[in-house]
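User: I have a structure open and would like to go through parts of it. Can you take my questions as they come?
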Amino acid sequence: MNVSSILKVAFRELARNKARSMLTMLGIIIGVASVIAMVGLGQGAQRQVEEEIASMGTNMLVVFAGSRKTRGWHGGIGTSPTLTPEDIDAIVRECPTVALASPNVTAPVSLIFGNQNWTTRAEGVNEKYPQIRNWPVASGQFFTEGDVHTAARVCVIGQTVAEQLFPGLDPVGQTLRVRNLPFRVVGVLSERGQNQWGRDQDDVIMIPYTTAMKKLLSITHIPRAYISAISPRATFIAERQITELLRQRHHIRPGQEDDFGVHNLTDIAEAAEETNRILTLLLSSIAGVSLIVGGIGIMNIMLVSVTERTREIGIRMAVGARTRHVRLQFLIESVVLSLIGGLLGIFLGIGVSFALSGMFNWPRLISPLAIVMSVAFSVAVGIIFGYYPAHKAASLDPIDALRYE
Amino acid sequence: MQHPADVRCDQPTRRAAVPVVRLEHIHKVYHLGEVDVHALRGISLEVYPGEFVAVMGASGSGKSTLLNIIGCLDRPTRGKYFLDGQDVSGLSKDERADIRNRKIGFVFQGYNLLRRTSALENVQLPLLYNGTPTAEAIRRAQRALAIVGLQERAHSFPNQLSGGEQQRVAIARALVNNPSLMLADEPTGNLDSRTSIDIMSVFQQLNAERGMTILLVTHEMDIAQYAKRIVIVRDGRIVRDEPVKNRRDAAKELAEMPPLEEEEEAVI
């Protein structure tokens with residue numbers, strides 16, 4: 001008995017009860033569609049998290065000053081005046097896993113250029129900052145090590161600031177006033193857009209941290225520093241090395257609390273990826289449950305079909321169909337049913353993930369693996385849930401089957 | 001290229017030494033709950049090539065059980081059954097399926113054709129299970145349909161055919177594998193008397209012209225008289241086994257019948 005003749009019979013039988021076949025397939029269609037959509041969305045969300053993490057910086061760690069305790073009161077994070085630019089220099093010098101570092105101080109500032117004004121945030125950093133944050137300038141250039149050393153009044157502005165203060169003008173070479181001090185614009189940062197909390201990252205002005213400390217804030221300590229490790233793996237070693245070095249430099253005795261903190265952003269990335277993975281797994285298991293429910297539907301309908309076609313089975317057996325012929329015929333019918341359902345489910349799943357990714361503005365990801373898995377899964381469902389009815393058909397007694405009314 | 005079985009079929013010469021069917025003291029006991037039903041109580045029977053045997057008996061006589069055993073649908077509880085000289089009494093389910101496929105052609109009372117399946121495909125059905133290539137299967141099915149005079153209805157579906165035509169398709173299906181034995185179980189039971197004679201003429205023709213060995217089960221004496229030999233079964237035993245006296249000739253009877261009236265023809 002060749003496969004093409006079995007397939008012919010299978011399609012004829014399924015076409016005979018179109019409504020019934022369609023309803024039976026619905027379980028598989030929904031199951032497969034949800035697997036495709038969920039895995040697609042999960043991977044899309046994961047891709048987005050990865051992109052956001054990458055946009056935060058390369059292998060990045062943040063060192064921040066701890067809270068200051070004054071007469072029994074704890075100040076906020078970054079209020080302890082113990083972290084200094086010299087600490088950061090020492091970190092670069094002494095931690096082999098650290099590639100780049102930049103102190104960072106922040107100050108709210110008002111900007112004036114001609115008759116335009118704008119209030120924004122000034123970030124005091126050093127010349128390594130664009131490398132650490134993966135944030136190149138779009139025009140002009142970033143300020144130099146020399147500018148940082150001399151606490152020069154130069155600045156690099158974000159796209160939003162450029163639009164607000166210099167509409168229709170090239171800002172590079174212009175001089176604007178920061179808290180009434182004149183600063184020369186040496187460059188404009190490339191556009192970055194909103195971060196994941198919705199803050200406009202382009203609404204910023206970068207100045208040398210030395211300038212910010214001396215000219216704007218009059219402080220000698222820094223609240224935080226950005227540090228780039230030599231590799232994602234190295235961030236964990238760097239974290240430990242920095243902690244040890246700073247404890248030593250700050251003369252913190254064993255058992256005493258740190259007066260600083262080290263955040264490993266790779267940690268955050270891994271936590272985010274883990275969350276996503278768990279979410280995808282969870283959604284996929286729900287989808288998997290719906291596939292199993294679909295399989296039960298197939299088993300139910302195949303059992304009905306075996307009963308309805310008892311006489312046909314008897315005829316086939318009388319003219320020489322072996323047990324395996326009958327079993328194969330019903331097994332192929334249930335596989336055809338689940339496979340068609342699976343294919344329709346793939347199309348539906350792709351449609352749904354396109355619609356959802358459009359709605360949530362997530363990257364569209366159709367995972368080829370999910371498609372292959374879905375096809376494999378629907379075939380497996382067809383075989384597993386079709387086996388019992390097929391076995392039941394094959395073990396009928398030809399005499400009883402022929403006599404069945 | 002001619003199928004080797006065709007040669008045998010075309011030469012009605014008897015190989016008298018080997019009976020097609022040889023039953024030796026066949027017993028069949030059904031266990032129904034705590035009761036044992038003794039359906040066959042020691043049947044011995046030999047059917048030689050080219051014979052046309054009618055098995056008669058009332059319902060409950062055991063003739064259906066006998067047919068099931070001869071047709072290899074069932075196994076005897078005791079006794080030996082040789083089909084074409086081969087002992088088939090102890091074969092497994094699948095082995096019996098192969099024997100049925102190669103050696104036995106079934107014709108049933110209710111035609112038992114597959115619905116929504118053309119006459120040609122119905123006739124091909126036994127060939128599906130012995131690996132006959134499709135082209136060859138179609139050729140042989142067409143020839144079998146031609147033998148029963150239905151080559152023009154090859155692509156009709158059972159519900160487009162009259163009862164007589166459906167039974168002819170069933171006979172073609174039984175023929176298609178050139179079986180050693182054709183088993184007909186009340187083949188005229190669902191047919192009117194004229195169509196019954198018509199179907200009996202097909203059997204007589206197959207028997208006379210092709211030497212087909214036929215075993216017919218019926219409870220109607222007038223149908224049994226188209227056979228050459230009558231075996232009467234009662235209470236699980238053969239009570240009479242004799243040649244038919246005054247054998248009926250279906251073809252001749254049909255020729256003598258008045259032609260069908262217009263309206264009757266329209267029904268068909």
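Analyst: The crossing of helix 1 of chain A and helix 11 of chain A is right-handed, where right-handed means that the near helix is turned clockwise from the far one by less than a right angle, and left-handed means anticlockwise. Helices here are DSSP runs of H or I with at least four residues, strands are runs of E with at least two, and both are numbered from the N terminus. This is a predicted model: local features need pLDDT of at least 70, side-chain atom pairs count only at pLDDT 80 or more, and totals for chains, interfaces and linings use all residues. Residues are numbered from 1 along each chain as its sequence is written, while chains are lettered from A and ligands numbered from 1 in the order in which they are written.

User: At what angle do helix 1 and helix 11 of chain A pack?
Analyst: Helix 1 (residues 3–16) of chain A packs against helix 11 of chain A at about 60°, and their axes are 9 Å apart. Axes are lines fitted to C-alpha atoms, for helices over the stretch in contact, and angles run from 0 to 180 degrees between N-to-C directions. That makes helix 1 of chain A oblique to helix 11 of chain A. Under 35 degrees counts as roughly parallel, over 145 as roughly antiparallel, 65 to 115 as roughly perpendicular, and the rest as oblique.

User: Which residues make the contact?
Analyst: From helix 1 of chain A they include Ile6(A), Leu7(A) and Phe11(A), and from helix 11 of chain A they include Leu328(A), Ile332(A) and Val336(A). Two residues are in contact if their C-beta atoms, placed from the backbone, lie within 7 Å. By class, this contact of helix 1 with helix 11 of chain A has 10 nonpolar, one polar and two charged residues. Ala, Val, Leu, Ile, Met, Phe, Trp, Tyr, Cys and Pro count as nonpolar, Asp, Glu, Lys and Arg as charged, and the others, Gly among them, as polar.

User: And how do helix 11 and helix 12 of chain A cross?
Analyst: The axes of helix 11 (residues 323–360) and helix 12 (residues 368–394) of chain A come within 7 Å and cross at roughly 150°.

User: New topic. How many residues of chain B are in contact with chain A?
Analyst: There are 19 residues of chain B in contact with 17 residues of chain A. Helix 3 of chain B gives the most to that side of chain B, with six residues. The side of chain B that touches chain A has eight nonpolar, four polar and seven charged residues.

User: Asp87(B): buried or exposed?
Analyst: Asp87(B) is exposed, with 12 other C-beta atoms within 10 Å. Asp87(B) lies in strand 5 (residues 86–87) of chain B.

Methods
Buried ≥ 20, exposed ≤ 12 C-beta atoms within 10 Å, placed from the backbone.
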